[in-house]
Amino acid sequence: MDKMNSHMKISKYLLILLTLSMGCSKNFLDAPLQGQSTPQNDPNVATNLVTGAYSSLIYTDAGGPFGGFDTHGFAFISATNIMSDDADKGSFAGDQQSTAGQFDDFSYTSGNSFVNSVWSGHYAAISRVNNSINAIAVAPIDSATARRLRGEVLFIRAYYYFNLVRFFGGVPIVTVIPDGPQAANTNPAFVTRASAQDVYNTEIIPDLQYSIANCPLRGNTPAGRITKGAAQTLLAKVYMYLQNWQAVKDLTDSVMTEGYALAPDYRTLWRTVGDNNIESIFEIETGSYGNTDAGIPLYSECQGPRAFAGGWNNPGFNYPTGDLGWGFGTPSQTLINSYEPNDTIRKNATIIALNPDPNAPYGAILWDGFVIPSQSKVQNSTYNYKAYHSERNDNIEPYFGNRDRKEKNVHLLRFAEVLLMNAEAANELNMTGTAQADLNLVRSRAGLPNTVAGDQTSLRNAIWQERHVELALEHDRFFDLVRQGRAAQVMIAAGKNFTPGKNEILPIPGVQIALSGGKLTQNPGY
Amino acid sequence: MKISSYMKGNFLLVFVTLLWLSANASGQPLVSIHMKNAEITQVLSTIEKESGYHFLFNSRLNGIHKVVDVDVDNADISQVLNNIFSGTGLQFKMLENKLIVVSSTEVAQDIQVTGKITNENNEPLSGVSVTLKGKTNGTTTDQNGNFSITTPENATLVISYVGYTTQELAVTATMNVKLTQSAKIMDQVVVVGYGTQRKLDITGATASVKGAELVKQPVTTATQALQGKMAGVQIITAGQPGALPVVRIRGVGTMLSGADPLYVVDGILTNDITNINTSDIVDLTVLKDASSEAIYGVRAANGVIIITTKQGVSGKIKVNYFGNFGVRSATNLVKMANSQQYIDYVQASLGPTVAPTGYSTDWFSSFLRNGFEQTHNISLSGGSENNKFLFSAGYVNDQGIVIDNSYKRWTFRLNDEYKINSIAKFGFNASYANAVTQSVNQAYNSTNGTQNQGVGSSFSDAYRASPTIPSKIGNRYGNTSVFQNVGNPILDIENNNNRNNDNRIQGTGYVEIKPLSWLTFRSALSGDLDVPDNRTYNYAFAADTTTFLTGGGNQSNSKSNLTIGNLKKFHWLWDNTLTFNKRIGKSNLTVLAGVVTEEANSNYNTSYRQSVPANPNLWYIPEGDPQTQQTGPQDQPTIAANIYNWTRLSYIGRVNYSYNDRYLLTATIRADGSSLFPPQNRWAYSPSIGVGWIVTKEDFMQNQKLFDMLKIKGSWGKVGNDNVPAGSFTNTLTPNLPYFFGGTASGGVAITQLKDQNLTWEQVEETDIGLEFSTLKQKLTGEINYYNKLNNNALINVVVPSTLGSQPSYVLTNAASIQNQGVEVSLRWSEPINSSFSYYVSGNITYNNNNVVGLNGGQPYIDGPVGANQPYVTKTDNGHPVGSFYVQKVLGVFQNQAEINAYTDKNGKILQSDAQPGDFKYEYTPDGKLDSVFAGSYQPKFYFGLSLGFTYKAFDFSIDFYGNVGNKIYNGKKALRQTALDNIEASTATDRWTQKNPTNSEPRANSGNLPASTYFVESGDFYRINNINLGYTLPPSVIQKLKVISSLRVFFTAQNPVTIQKYSGFSSELPGSPTSSGIELNPYPTTKTFAVGINLGL
C-alpha cells in the first residue's frame, strides 16, 4: 500500500507538471514582429509614408524576375529619350538590344522587360501614394498639414498617371489599397483599363486641382516639396495634351506671377549648381543618405561615356581610369542637326560631342576639366551631357563614389516650359504677340535672336522647334510628337521603323495581361 | 496388389524398428507388466517397483482410479503410460531425478513462475510481454526486468518484446531469459513520433534505414545517402560541399519553397541537418503518410524525417574509428565551342568580326578541379548499469570541385543516460558542430533574399566567355569584359572571399519516470543554438593592365569592401508526454498524451564598409573607411528574413490499440497554435486514423505456407504546413527610403509588399492503402502503398499584377489545391545461401502524379525567370503539375523562303515575316497569335532505386542504382544567351542549320535572345550508379589472435561513378523552389567521388 501511495503521489506531481507546461502564459502565441516596423508602431507613419511616396521618384529596382520596377531609371530613359528621335540606343551593337534597343527601332513587343518595368514601377509608386493618403486621413496632425501633404502626394500620383496615359493610353485607375492578393480577382478596378479620357478626367485633373488648392506657393515650403506652381504647371501641361488652350493659358499665366524666372545660364541647369534654382518648378531631388550617394539608380551611369576596347588610362589626370558608364541614350545626329547654327550654348550643354579626329590627343574636355580620351578609346561619339555628373575627387559636384546612384537631379518641369506652354496656348488662342514674347524670352537666354515666325502655323512650328531643342533629352520629345500628331511623320523621316496607329503608345506588358487572367486588353497592333 | 501388401508389411517393419530404436534411444528402462482389471494407481506402483521411477499424483484426480488391462513386454514407461492414460484425461510429465508427475489435462496445477528478462548485454528489459501460449493472460516485466506469473505447470510462456525475437519456453519455477535482437524486419522497432513501435504494428507508411547503411557512402549529409533507398522519397543532390540535399516526400505538395520535410533530431525539430555527423546516426526514419505524420501536426505536410543518434551501451568501453579519403570531380561537363568554332559561329550569325588570338580557352576546366575529401570519426561508448555514455568526434574536409571552394566541419557529441532510481532516469544528448564554408562567388538571389545554391556569376560567365580570351597568364587575367561585357570567371572567384563560419550547439535533456510498469512520463527540454557568421570581402582592382592582360572594360571594383553578417538563432522546445501501455486480455493499448511548447528567435546584424585593407588579418569593420555606408541596400531582405520570433503551443494525443495481435488501430490528433498566423487562424487540428489487419495471424492462415506475414493497412489523416516566415500577415514598413527637402535628407518609409491579412495553414488530406508481406521463408519481403494527397489552401508566393502595387510582386497567400497520387512498391529478396555466402536484391519504384486541381480565383502562377527576354518559363495552372514549363512550341526550322511565305494565318498573313531560312518555326493559334504550350515539368513520373549486394566470407559488396524518369529540364543557361559574342556549346556550333546541314532541330547561327520555347526543354531522365561499395572485414579468427582490436573493415567506395542522362547540361539534379525548379542557370555541378575507408573497433 505504501508503494502504491508513493506512486499515486508521483503521478499527482506529474499531472501538475503537465498542467503547468500547458498553461503557459495566455499571450504566449502573440509573438510580436521583430526587426520590422509596422504602420501601428511608427508614430509618424503618415509623414514618413509621404516621404516614401516622394522617394518613389528616385527609387528604381532595375532587376527583378519580371523586369523590375522603374520610374526614372534605364527603362524610363529607353521609353522616352531612346524611343524619340533625340537619342540612339548607344553602347555597342547587341548590348541591351532586347531591351533598350527595341525602343530605338520600334521592334519592342509586349514581352520587352523594360515595358513591364515602366508599368510596374509606376504602379508600385502609385501604391506608395495611395498608402500615404490612407495614413494621412487618420493621422493625428492638424488639418492644414494633412491637406498640404495630401496635395503633395496627389500631385505625385497625377504625375505618374500622366506618364502612364502617355506611355500606354488608357490604364487601370488604382486609387485604393488592395486588401490582399485576391483583390486582382475580386476588384475589377485592378485589371480593367479605363479610357485615356477617364484617366485624365477622373484621376489626373481632380488630383491636380486638389494640389493647386492645398499646396503652398514657391518659397513658402522647402525646395523639393510640391508647390502650387508645380501643380498648376503640370495641370497646364495636361490641358495642353487635351488641347484645352484657354486652361493652359490661364494656368501658365498664374504660374508666371509666382516668382519663377529663367536662370541666366542654360549650361548650369543640369548641374548641381542649378538644382532648385529660380527656374525649377518640379525636379527629382537627390542627395547623400547614409554616407553614400542617393540618386536614381543608373540614371547617370547608364548614359555615361563608355570606354572602348583597351579602356581609359589617363596618367597625369587625377580622374578615374576605366570609363564613366554604359553609353546608352546617345544624342542622335537628328538632334545635332536640329539646332540652329548659332544655338551653341544649348547644343554644347546638351551633347558631349567627341572630337572625330582619330589623331586628336583627347576626345573632349568637359566643363569640370574632365578629359575624355580620344575617339579610339571611346565607344560612341556623343553622350548626353545633361546626365553627366562630375566624379572629380575634389567634389566639384557631390560624389561619394556610388556611380550607380549619382546625385543627379532630374529636372521635370522648369519655367522655360511654362513660357513655351504659354506661348503655344497664346498662339492657338490667336494671341500672337504674347506667344512671340514668351518664345523670345527662351531664345534670348540661349543667345538667339527673336523669332521671325509671324503667322499661327509658322509660330506653332517655331514653338515646337523651340521645345525640341530647349527641352532636348528631358524625356518629353516623343510624347510631344504624339501630342502634335506628327510622330509618324518625324519618326519615319528620322529613319525609324515606326508603324502609325500602333507605335504611338507602348504595348501593355504581356506578363501583366497573363497575370490579369487575360482581363487587361492589349493595344492595337500588338 | 500382392506387391502392394508386401510393401505395406515392409513399411510396418521399418516403422516398428524405428520405434524400438527410438525407445531405446530415450534411455528409459524397459518394463514388462501383465495386469488385468487393475486400477491405474496399482499399475503406477508396479512401474515404480520395476523401474525405480517415482510418481507424483493427487489421488483425487479424476480417472486415476480407472480400471485398465496392461499386457506389455520390454515396453518403455512412456508407452505404457500413454496406453493406460488414454481416455482418462490424465497426463504425465517426466522430470529430472526419475520423477514423473501425473496431472489432469483438464485442470492443470498452477505454479508460481518468477524470472528476469535481459538483452544480449545482460541489461534488464522492462515492459517485456510474458504471456501464456494460447491464452490471453500475461504480464510484463518491471523496471528491473523481473516478472512473476502464476501458470499451469505444463504451460508454455511466450516472451515477446518489440525489436527482439519472440521466445516460447516451457515453464519452470525460475526462468531467466536472454532475448536477442530480431533480424526479422517485421519484428524490428520503428521510431515513430514521440515513441517507438513494432514495425508489424504500424498502420502508416514509414521507411527507415540504419546508420550503418548511411555511412557506407562518402556523403556529408545523411539524407544524400537515401537517394534510391526508399520508395516515395526523392532526393535531389546538391553538388556544393556542405549543402543540404533537397528532399521531396511523395511529390511536391506545396508551391512554397518550404516544401522540405521536417527533421526531428533526437526530438529537436529543425529544417537543417547539415550539423549532424552521419556516423552518429543509429536510425533514420521517414514518415510518409498522414497517419504517421499527424503526431507532428502542422509541421508534417511535407513528411517527417526522424533521426536518432547512438546511445552508449553499458559494459566494456568500446572505441570505434571510421574514416575515408577520396577525390571528387564533376560527373558531367558541357563541351563548349573552341575558338575556331566560336569565330565561325559569330561570323555566321552576322555578329562582330572576331579575330583569332591564338588562344582557345576551356573556361570550365580553368576553374573546376578534382577536389579531395576526407572524413574522420572516432567514438567511445560504454558505462555501467546506472550510466551509459557515448562520445564522438568527427571531422569532414571537402574541398569541392571549384577553385577556392571548401567545406570543413568539426562535430562533437556526448549522449549520456543515468538511472536515478528504480523508476526514474535522466539523460542528455548534446552536440556541437563547427562548419567553415568557403563559398564560391555566390550570387545574391533578390527574389527570395537567399544566397543561390550555385557558383554564382562565375558559372554563367564561364558559359558565356569567349574562348578566344586567355583565362589567366601569370597574375593577370584575360579581359573578357572589354571584349564582350562578360566578367572573367576566374577573377569573379578570386576577387571575392566569402567565408561562412557556423557554430551550432544542439542538445536535449530529458527525465523519464516510470512509476508503474504501464505508465511513463517523459519531459524533454531541447535547445538549438545556431550562430553562423558570414564574412565577404571583395578585393579592389581596376580595369587596367595591372589586373588584366589588356586594360578597360567594366569588370572592376574601385574600392574594396567588406560585409560582415552575424546571425544568432535559438530555438527551444519542451515536450511533456505521458504514455500509458497495458495489455488487457487480448487487447494491447498504448495511449500517448502530451504538450509541446516551442519558441524560436533569430537576430541578425550586418555591417559593411569600403576600403578595407586586402590583408585578411585586417578584415574587420573598423579597418574600413568610416564614411562608407553601414549596410548595403541589398541587405534589407536578408535582414528581414533573418530577424524573427515565433511561438507555438501544441497538444498531442495518440491511441495505439491492437486486438489479438492482428487487428490494429492508430488514432492521432494534434492541435497546434502558432504565432505565425493571424489570431483568427491561429489554431489548427491534425487528426488521423489508421487501421491494419495482420492476416497471417488468423487461424485460417495457419496452414498456408505462402505468406510468413501479410498485413493490409489503410489510413486517413490531415496534416498541415506552417512553413512561412514570421510576419507574413503583417504589413511592414520598408525603412530608409530617402528624399530631400530643402537639401536635407529624410528617411521615408513605404508599405512595399502586399500581405495577406487572412493567411492560414495549408492542409494536406491524405488517404493511404497498403500491403506488407513476407514470403518464401522471409526471403522475399515487400510493401505496396497507394496514396492520395490533396493539399488544400496551398501556400504560395503568388505573383500579382503590378497594379496591386506589391514590390516585389510576390505575395504569400493560400491559393491553390494540389493533388499528389502515387503508388510505391518496395521489394527485397535476401538469402543466406550458406555460412559464407549470402546475397540480397532490393528495389523500389515510385509513381507520382502531381496535379493542380483548384486555383483560387483562377489566377495562374507564373515563375521561372530566365532573362529579360524570357521573364517566365513556368506556369502553374489547373490540370498540370506545379511549375510546368510553359513556352512557345517549336515546330521545326524553316528550310527556305518558300516555307516562310507559306506559313500564314487563316487570313493569309505571313506569320513570321521577319524569319529567314534556318530560323525556328513557332506554333501560332489559327487567328495568328503566338501560342504557348505546357511542356512538362521537373517532377518525375517515376523514380526508382535498385540495390544488389552480397557477402562472401570476409568480403562484402554492394551496388546501388537510381533512376528518374518522365521529367523535363529547362536549359536556362542556353536560353540566356544575351549577345552575339556569347560563346555557344560545341554541339550548337557543329549541329546548326546551314544550307548544307538542313536539320530541323537546331537553328541557324544567331545572336541569341531567342524566345522561351520547347527548344530549351529537354528530357530530365537520368540513371545512375549511386554507389559501389566493396569491403573486407577481418575474420573473427584473426581478430581473436590479434587481441587488440575487436573489428576491422576496410573498403573502397565509389559515389555516383556512372551517370547516364539525356539532358545536355551539367546536372539533371537541380534543387529549386517548386514553381521554378528544373531550370539550369548556374548550378554547382553534381560530383562523383572515389574513396577508400576504414572502420576499426577496439
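How many residue pairs are in polar contact between chain A and chain B? In this predicted model, the count is twelve residue pairs, both members of each having pLDDT 80 or more. On the side of chain A that touches chain B, the residues divide by class into 45 nonpolar, 34 polar and eleven charged.

The interface was also described by its contacts and its area. Contact involves 90 residues of chain A and 92 residues of chain B. The size of an interface is often expressed as the accessible area that is lost when the parts come together. Between them, chain A and chain B bury about 7700 Å², and carbon and sulfur atoms account for 65% of this area. Within chain A, the residues that lose the most area to chain B are A:L29, A:Y289 and A:L515, which together contribute 10% of what that side buries. Salt bridges between chain A and chain B number one. This salt bridge brings together the side chains of B:R682 and A:D30, with an N to O distance of 2.5 Å.

Within chain B, several strand arrangements were examined. Strands of a sheet pair through backbone hydrogen bonds, in either a parallel or an antiparallel manner. One open sheet of chain B consists of three strands in the order β2-β5-β4, with mixed pairing. From one strand to the next, the twist averages 25°. The pairing of β4(B) with strand β5 (residues 99-104) of chain B is antiparallel and extends over six bridges. Within this pairing, B:K93 stands opposite B:V101 of β5(B).

Two helices of chain B accompany this sheet. Helix α2 (residues 40-51) of chain B packs on the sheet and touches β2, β4 and β5 of chain B, and the direction of this helix makes about 145° with that of β2(B). Helix α3 (residues 77-85) of chain B lies across β2, β4 and β5 of chain B and runs at about 165° to β4(B).

A further open sheet of three strands in chain B has the order β9-β6-β12, again with mixed pairing. Here β9 (146-152) and β12 (174-178) of chain B stand at the edges; each pairs with a single partner strand, so one side of each is left without a neighbour in the sheet. The twist in this sheet averages 30° from one strand to the next. Strand β6 (residues 110-118) of chain B runs antiparallel to β9(B), and seven bridges join the two. The bridge partner of B:T114 in β9(B) is B:S148.

Antiparallel pairing was also found for strands β26, β31 and β32 of chain B. Strand β26 (residues 424-439) of chain B is joined by 16 bridges to strand β31 (residues 496-516) of chain B, the two running antiparallel. In this pairing B:F426 stands opposite B:V511 of β31(B). In turn, β31(B) is joined by 19 bridges to strand β32 (residues 519-538) of chain B, also in the antiparallel sense. Opposite B:N498 stands B:T536 of β32(B). The strands β31(B) and β32(B) form a hairpin, with two residues between them.

Key. Residues are numbered from 1 along each chain as its sequence is written. Chains are lettered from A and ligands numbered from 1 in the order in which they are written. This is a predicted model: local features need pLDDT of at least 70, side-chain atom pairs count only at pLDDT 80 or more; totals for chains, interfaces and linings use all residues. Side-chain values use heavy atoms; hydrogens and water are left out. Contact means heavy atoms within 4.5 Å. Buried area is the accessible area (1.4 Å probe) that two parts lose on being put together, summed over both. A salt bridge is a side-chain nitrogen of Lys or Arg within 4 Å of a carboxyl oxygen of Asp or Glu. A polar contact is a pair of N or O atoms within 3.5 Å; within protein, one must be able to donate a hydrogen and the other to accept it, and residues adjacent in sequence count only if both atoms are side-chain atoms. Ala, Val, Leu, Ile, Met, Phe, Trp, Tyr, Cys and Pro count as nonpolar, Asp, Glu, Lys and Arg as charged, and the others, Gly among them, as polar. Two strands pair if DSSP finds at least two bridges between them. Helices (H or I, at least four residues) and strands (E, at least two) are DSSP runs, numbered from the N terminus. Axes are lines fitted to C-alpha atoms, for helices over the stretch in contact, and angles run from 0 to 180 degrees between N-to-C directions.
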